[in-house]
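Notebook open, model loaded. I want to go through a few helices and jot down what turns up.

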Amino acid sequence: VIGRAGRMVEPWRARARPPAADAVPDWAPDREAALALLDDADALAAAGQFDEAAHLLLRRSVHHIAAARPDWVHPASTARELAALPALPDRARSAFGLIAARVERRRYALRALDAADWHAAREAYAAFALERIAA
């Protein structure tokens, strides 16, 4: 028997449970969307705006994930939570995690990103988003 509190919490718990990893195909963003994102982020990086370029990769990646799998992203989802989703393919989780770590370091440690940080984030995204397409 579930009490009143259990009935209130159960819908939240069901939402908070990540989908099973084996239920999801190897997902990657659309090729055109990935290339457009890289073009936009490269333009920011070329202007020396490495923080903004990495943050753009993160924000649009969240939008790509939410558009493809809205059940994975909730309004309170954090980048760290999304990077740890078991349903996200390993390559996506790795790339997203690296990008999220760089952006979090900038935001919370107040340390500006440099060209090396940008290149690491860009390479992680490109390897994930475009490798499957090229294969």
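I started with helix 5, where Ala-92, Ala-95, Phe-96, Ile-99, Ala-100, Arg-102 and Val-103 are buried. Buried here means under 20% relative accessible area, exposed over 50% and partly exposed in between, with a 1.4 Å probe and protein chains only. The arc is taken from the directions from the helix axis to the C-beta atoms.

Some bookkeeping before I go on. This is a predicted model, in which local features need pLDDT of at least 70 and side-chain atom pairs count only at pLDDT 80 or more, while totals for chains, interfaces and linings use all residues. Residues are numbered from 1 along each chain as its sequence is written, and side-chain values use heavy atoms, with hydrogens and water left out. Helices are DSSP runs of H or I with at least four residues, strands are E runs of at least two, and both are numbered from the N terminus.

Back to helix 5: I looked at the face turned away from the buried side and found the exposed residues Asp-90, Ser-94 and Tyr-108 there. I checked the length too: helix 5 has 20 residues and reaches 27 Å from first C-alpha to last, close to the 28 Å expected at 1.5 Å a residue. The expected span is 1.5 Å times one less than the number of residues.

Leu-110 lies in the loop between helix 5 (90–109) and helix 6 (115–134), and it is exposed, with a relative accessible area of 66%.

Next, helix 2. Ala-34, Leu-37, Leu-38, Ala-41 and Ala-45 are buried. They share one side of helix 2, since their arc around the axis is only 100°. On the face turned away from them I noted the exposed Glu-32, Asp-39 and Ala-46. At the start of helix 2, a side-chain oxygen of Asp-30 comes to within 3.1 Å of the backbone nitrogen of Glu-32. After helix 2 comes Gly-48, with a positive phi near 80°.

Last, I looked at how helix 2 packs on helix 3 (residues 50–68): the angle is about 160° and the axes are 7 Å apart. That makes the two helices roughly antiparallel, a label for angles over 145 degrees.

Conventions: A polar contact is a pair of N or O atoms within 3.5 Å; within protein, one must be able to donate a hydrogen and the other to accept it, and residues adjacent in sequence count only if both atoms are side-chain atoms. Axes are lines fitted to C-alpha atoms, for helices over the stretch in contact, and angles run from 0 to 180 degrees between N-to-C directions. Angles under 35 degrees count as roughly parallel, over 145 as roughly antiparallel, 65 to 115 as roughly perpendicular and the rest as oblique.
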